Amino acid sequence: MSIEFSSGFAQNLKTAELRQNVKITLTALAHSAVEISLLCARGPLDTAFGALAGSENADGDSQKALDVLTDEIITAALKTVPVAYYASEEQDDLITLDTSKPLAVASDPLDGSSNIDTNVSIGTIFSIFEAKESAHASFFRPGTEQLVGGFFVYGPQTSLVITTGNGTELYVLDRADNRFKLAIAKMNIVEQAKEYAINASNFQHWTSPTRAYIEECQMGKNGALGEKQNMRWIGSLVADANRILMRGGIFLYPQDDRKGYELGRLRLLYEAAPVAFIIEQAGGLATDGTNRILDKKLETLHERIPFVFGSKNQVNRVKHHHDIKT
Ligand code: AFP
């Protein structure tokens, strides 16, 4: 298994040594992704599939057996590469692997896992930083300091969407020779599309700027947007993000007044920050409704953040509704 990196891949990273360490780490993650994709593809043929692990992760979500298994697969892979620290959605605390190594990796090993039984696309999200003097210092920093943001999608295609801050690339696993091959060298999100994604069942809990924007979408050609807007909600961040990268649109998981959702649902370190990096590098925007996600410094390991991303004009329209509210 290997990744056929593009000739320009990671050229913006400061040294050849750093580029090499990043490539080695990505290749190990890609090995894990192939293994995870095979587990997902076996579906209910595998007894562990979709079963509850009987535990909760640090965020209080119930863990599926596959959540735990994928975390073990990734931890084992990271032990073999130049990674000092690992932060996982599935672990309460940071994991120290080898303090002499130069990188730190954060990951949601199986995002969208509550969809496992339904056979829709799910994925692994990750972020790579340069390691600092401690595990804490390596992750408690703004997303602008990421070296790499990426996610694997386990769907009809097993793919890798990735950025090192030099544009966003798409690689697809060619199972004929077990290699991730470059499919799109420069992903480009259109500035305006006619699609929006939100879990509309939370309508009664939203703040007024979110309601105002979604009402505009629902009004279609009779509202301020002047055109019919289509809605999509997969409930799997990687799948919704992948669609927006391919054909534009907007994704919102805003804060709402349900207990525990005061900052939305998605986690900053291993969901919002890497996806925001990818989206910006593809020409889109990623905010918490108003402020740029990548400028937000991590304050608690599993903290959440309201997350709005996608086509520039649409994300700016959401900001407009927040600005006029304040
Ligand atoms: P799971 O990993 O528990 O399935 O959560 C998926 C997720 O974090 C993200 O991938 C989705 O966008 C979001 O939750 C869906 O949340 P709702 O179920 O509240 O719509």
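In this predicted model, β15 and strand β16, the latter covering residues 307-310, run antiparallel and are joined by three bridges. Within this pairing, A286 stands opposite F309 of β16. Helix α6, which comprises residues 268-281, lies across β15 and β16, and runs at about 20° to β16.

The two strands belong to an open sheet of five strands with mixed pairing, in which the order is β13-β12-β14-β16-β15. Because β13 (230-231) and β15 (285-287) stand at the edges and each has a single partner strand, one side of each is left without a neighbour in the sheet.

Beyond this sheet, the chain as a whole contains seven helices and 16 strands. Its radius of gyration is 19 Å, close to the 20 Å that the globule rule gives for 326 residues, and the chain is therefore as compact as a globular protein of that length. The overall values for the chain are collected below.

| Property of the chain | Value |
|---|---|
| Span of the C-alpha trace along its principal axes | about 55 × 45 × 40 Å |
| Buried residues | 55% of the 326 residues |
| Accessible surface | about 13500 Å² |
| Part of the accessible surface belonging to carbon and sulfur atoms | 49% |

How much of the contacts with a separation of 6 or more is accounted for by residues 24 or more positions apart? Such residues account for 62% of these contacts in the chain.

Technical notes
Residues numbered from 1 in each chain as written. Predicted model: local features only at pLDDT ≥ 70, side-chain atom pairs only at ≥ 80, totals over all residues. Heavy atoms only, no water. Pairing = 2+ DSSP bridges. Helix = DSSP H or I, 4+ residues; strand = E, 2+ residues; numbered from the N terminus. Contact = heavy atoms within 4.5 Å. Axes fitted to C-alpha atoms, helices over the stretch in contact; angles between N-to-C directions. Rg over C-alpha atoms; globule rule 2.2 N^0.38 Å. Buried < 20%, exposed > 50% of the residue type's maximum accessible area, 1.4 Å probe, protein only. Areas by Shrake-Rupley, 256 points an atom, 1.4 Å probe, with all protein chains shown as cover.
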